Amino acid sequence: MLKDKVVLITGAARGIGAGIARCFIDTGASVVITDLDAELVNTAAGELGADVMGLVADAASQEAMGEATAKVIDRFSRLDILVNNAGIGGPKIKFEEISSSDSAFMGMSDEVWDQQLMFNLRTAFSSSHAAIPHLPEGGSIINIASIAALGPTATLPAYGAAKAGVVHLTKTLAIELAPRRIRVNCICPGLLWTRAWELLTTQMKASQPEFANMTNRQVFDSIVERMTPLGGEQTPEDIGNLAVFYASDGARMITGQVVAVDGGISVQ
Ligand SMILES: NC(=O)c1ccc[n+]([C@@H]2O[C@H](COP(=O)([O-])OP(=O)(O)OC[C@H]3O[C@@H](n4cnc5c(N)ncnc54)[C@H](O)[C@@H]3O)[C@@H](O)[C@H]2O)c1
């Protein structure tokens, strides 16, 4: 379906990004993944398939993403689709650093606030900035936000604000790029068992006594069960399937839209 298209997915060496990559590979598109660590990127690109291009680039840097997009153009002579997936905290940030007191908001320093905005909002800005000059008519940007953008999560004030910014950026860019017929849409994932939740459940076990004697996975399962009307967690492919649809001609009149893939969590 997207056989002649080239897609660049940021932060895609694992988790949701890798799932999005698998969905685009199934369409016949040429896939480029980026992440922060060379070994991680090379291993992931190899596992995804011989034709997948892996690049180390900080999605929050116009310069690094400018170099990455130049390499994509060198190899494929085009770039059609950008998926702004990179987020959460990068490989070195631990969730206990994000929420280090009883009140996540009062316990947060200026520095941690800025880091969260950089990892979860500037990533979409800087990567889009680098990719937009290359995108052709019919091109597409897909931003990965979160259900944390749609309603407040008391323990994640900076993350939620950053992801709400991603939703707003989606709509702004949709208008700005409409004259070039480039569409910009957003996906808000719900609850997925990735490294992000492994880190978050470690922090929850330390700070919330009711979780103390559970495994990380049991903490996650209990949250999924409590929150999800449709029952069950989402998979990276649930997110990737919508990303593929957004990028396809079937969505040619869809821009500036925000869809939650969350089993109904956000409509409660
Ligand atoms: N897992 C969930 O339940 C969930 C829910 C809602 C939204 N999301 C969003 O989905 C996206 C992917 O999350 P995930 O759960 O797969 O997390 P993950 O930690 O498993 O994977 C994210 C990847 O992004 C990379 N990354 C982080 N910052 C980067 C940067 N500046 N440049 C390049 N790569 C960077 C990390 O190294 C990591 O490999 C994030 O934007 C996250 O906010 C996840």
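Okay, housekeeping. Residues are numbered from 1 along each chain as its sequence is written. What you see is a predicted model, where local features need pLDDT of at least 70, side-chain atom pairs count only at pLDDT 80 or more, and totals for chains, interfaces and linings use all residues.

Let's start with the whole chain. It has 9 helices and 7 strands; those are DSSP runs numbered from the N terminus, with helices being H or I of at least four residues and strands E of at least two. The C-alpha atoms fill a box of roughly 55 × 35 × 35 Å along the principal axes. For 268 residues, a compact globule would have a radius of gyration near 18 Å, and the chain's 18 Å agrees with that. That radius is taken over C-alpha atoms, and the globule rule is 2.2 Å times the number of residues to the power 0.38.

Now the sheet. It's an open one of 7 strands, in the order S3-S2-S1-S4-S5-S6-S7, with parallel pairing. Two strands pair if DSSP finds at least two bridges between them. At the edges sit strand S3 (53–56) and strand S7 (258–261), each pairing on one side only.

So what covers the two faces of S6? Buried residues do, on both sides: Arg 183, Asn 185, Ile 187 and Pro 189 on one, Val 184, Cys 186 and Cys 188 on the other. Buried here is 20 or more other C-beta atoms within 10 Å of a residue's own, with C-beta atoms placed from the backbone.

Who are the neighbours of S6? Strand S5 (residues 140–144) pairs with S6 in the parallel sense over 5 bridges, and Ser 140 stands opposite Arg 183. To get from S5 to S6, the chain goes through helix H6 (residues 157–177). S7 also runs parallel to S6, joined by 4 bridges, with Val 261 as the bridge partner of Pro 189.

Last stop, the ligand. How many residues surround the ligand? There are 31, and the closest are Gly 11, Gly 15, Ala 59, Gly 87 and Thr 194. A residue counts as near if its C-beta atom, placed from the backbone, lies within 6 Å. Helix H1 (15–26), strand S2 (30–35), helix H5 (110–131) and helix H7 (195–207) each supply at least two residues of that shell. By class, the shell has 15 nonpolar, 12 polar and 4 charged residues. Nonpolar means Ala, Val, Leu, Ile, Met, Phe, Trp, Tyr, Cys and Pro; charged means Asp, Glu, Lys and Arg; the others, Gly among them, are polar.

Terms used
Buried ≥ 20, exposed ≤ 12 C-beta atoms within 10 Å, placed from the backbone. Right-handed = clockwise from strand over helix to strand, strands pointing away.
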